[in-house]
Amino acid sequence: MAPPPPSPSMAPPGLIHSAPGLPDTCALLQPLAAAAGMSGPAAETPSAIQICRIMRPDDANVAGNVHGGTILKMIEEAGAIISTRHCNSQNGERCVAALARVERTDFLSPMCIGEVAHVSAEITYTSKHSVEVQVNVMSENILTGTKKLTNKATLWYVPLSLKNVDKVLEVPPVVYSRHEQEEEGRKRYEAQKLERMETKWRNGDIVQPVLNPEPNTVSYSQSSLIHLVGPSDCTLHGFVHGGVTMKLMDEVAGIVAARHCKTNIVTASVDAINFHDKIRKGCVITISGRMTFTSNKSMEIEVLVDADPVVDNSQKRYRAASAFFTYVSLSQEGKSLPVPQLVPETEDEKKRFEEGKGRYLQMKAKRQGRTEPQP
């Protein structure tokens, strides 16, 4: 787990602020010596960074809290910075770290407008061609100084050559303080690699519109967003930022949840976002969301991202990313509300419902300290 953000007394001098007064956006390097009690690997280059940003009104969702997609975007930015720095820490071919997967991300507490987000990222494992980054997000009330943990996430990046973005380079190894850390990291790497392959093979279907759907059915709430990828969405190398894609996915998932419940909704968690292929500038992307499962107080929504390279006739439409989002319904006072139960109609919808129920029970068992899901 990444260390908590340093207290003001620990902060080194020379923070880069975008404007006088309160910091808008800043990034600082935490030398390993300053990160007391850090449990992660040691390396010659700093293995932890922190990004700070004040939350402004244009970051708000309908309920008035910070949009979940904004937080996901900040998490990805921190991961991209630290992994790219690490992958270029040795002499050799220069590269940029591309997001390959985001593990389950929990939204533990809402973040409010006016608070400062502290996004801490730490490298916890490296394989031959990938980097694992663990990220914690803390919110700070700058009037009272109160801080709370709002998000935890694990991300995987791969280094792509700047000379040939289809070429994956080797990752400089890190030195672990304990042998068990490397073994635990290898197990996490193998598990996510297997799940990525399984997800890619089952992602061939497309969300199709249905005329005059009945309330509480999958077709009633399913939604799509079409977006033309422009320069502001991309890195300097012409590919979409992973954080931009995640924010769009969260927006579509939120629309599906709101249509189903017709109440205020908030992101509760994201269950493994897989990035199957790069999205280039000029592509038209279709982000589609559909309800897959409902419990008494939560909704699981599958989100698929398809890219259509309209200016390149040599390439066909392809699946670029996929994920499952979990939302909860809230009253005007912010209290949890019962969720209308989903009515699956087709055999595929019933199958996805049962698969979603399995994921829900598995996560419920994990929270309760069991290894086997219980009904």
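## Basis of the model

The model is predicted: local features need pLDDT of at least 70, side-chain atom pairs count only at pLDDT 80 or more, and totals for chains, interfaces and linings use all residues. Residues are numbered from 1 along each chain as its sequence is written, and side-chain values use heavy atoms, with hydrogens and water left out.

## Overall make-up

The protein chain has five helices and twelve strands. These are DSSP runs, numbered from the N terminus: H or I over at least four residues for helices, E over at least two for strands. The chain has 375 residues, and 49% of them count as buried. Buried means under 20% relative accessible area, exposed means over 50%, and partly exposed lies in between (1.4 Å probe, protein chains only).

Contact means heavy atoms within 4.5 Å. Take the contacts in the protein chain with a separation of 6 or more: residues 24 or more positions apart account for 72% of them.

## Helices α1 and α4

Helix α1 spans residues 68–87, and helix α4 spans residues 242–261. Their axes come within 8 Å and cross at roughly 160°. That makes α1 roughly antiparallel to α4. Axes are lines fitted to C-alpha atoms, for helices over the stretch in contact, and angles run from 0 to 180 degrees between N-to-C directions. Angles under 35 degrees count as roughly parallel, over 145 as roughly antiparallel, 65 to 115 as roughly perpendicular and the rest as oblique. The crossing of α1 past α4 is right-handed. In a right-handed crossing the near helix is turned clockwise from the far one by less than a right angle; anticlockwise is left-handed.

On the α1 side, the residues in the contact are Gly68, Gly69, Thr70, Leu72, Lys73 and Glu76. They meet Gly242, Gly243, Val244, Met246, Lys247 and Asp250 in α4. By class, this contact of α1 with α4 has three nonpolar, five polar and four charged residues. Ala, Val, Leu, Ile, Met, Phe, Trp, Tyr, Cys and Pro count as nonpolar, Asp, Glu, Lys and Arg as charged, and the others, Gly among them, as polar.

## Aromatic pairs

There are six aromatic pairs in the structure. Rings of Phe, Tyr and Trp (its six-membered ring) pair if their centres lie within 6.5 Å; planes under 30 degrees apart count as stacked, over 60 as edge-to-face and the rest as tilted. Tyrosine 125 and tryptophan 156 have ring centres 6.3 Å apart and planes at 70°, so this pair is edge-to-face. The pair links distant parts of the chain, 31 residues apart: tyrosine 125 sits in strand β5 (residues 116–126) and tryptophan 156 in strand β7 (residues 147–161).

Tyrosine 125 is buried, at 5% relative accessibility. Tryptophan 156 is buried too, at 1%. Ring pairs link Tyr125, Trp156, Tyr176 and Tyr189 into a cluster.

## Buried residues and their contacts

Valine 102 is in strand β3 (residues 95–102). With 2% relative accessibility, valine 102 is buried. Its C-alpha atom is 7.3 Å from that of alanine 153, 51 residues away along the chain. Beyond residues up to four places away in sequence, valine 102 touches Thr154, Leu155, Met246, Ala272, Ile273 and Phe275.

Glutamate 349 is in helix α5 (residues 347–367), and threonine 292 is in strand β10 (residues 284–294). Both count as buried: glutamate 349 at 9% relative accessibility, threonine 292 at 2%. The two are 57 residues apart in sequence, yet 7.0 Å apart in space, C-alpha to C-alpha. Neighbours within four places aside, glutamate 349 contacts Val218, Ser219 and Pro344. With the residues up to four places away left out, threonine 292 touches Glu300, Ile301, Glu302, Phe324, Leu342, Arg352 and Phe353.

## Positive phi in loops

Asparagine 216 has phi near 70°, a positive value in a residue other than glycine. It is in the loop between α2 (179–201) and α3 (218–221). Asparagine 216 is partly exposed, at 27% relative accessibility.

Lysine 262 also has positive phi, near 60°. This lysine lies in the loop between α4 and β9 (264–275). Lysine 262 is exposed, with a relative accessible area of 60%.
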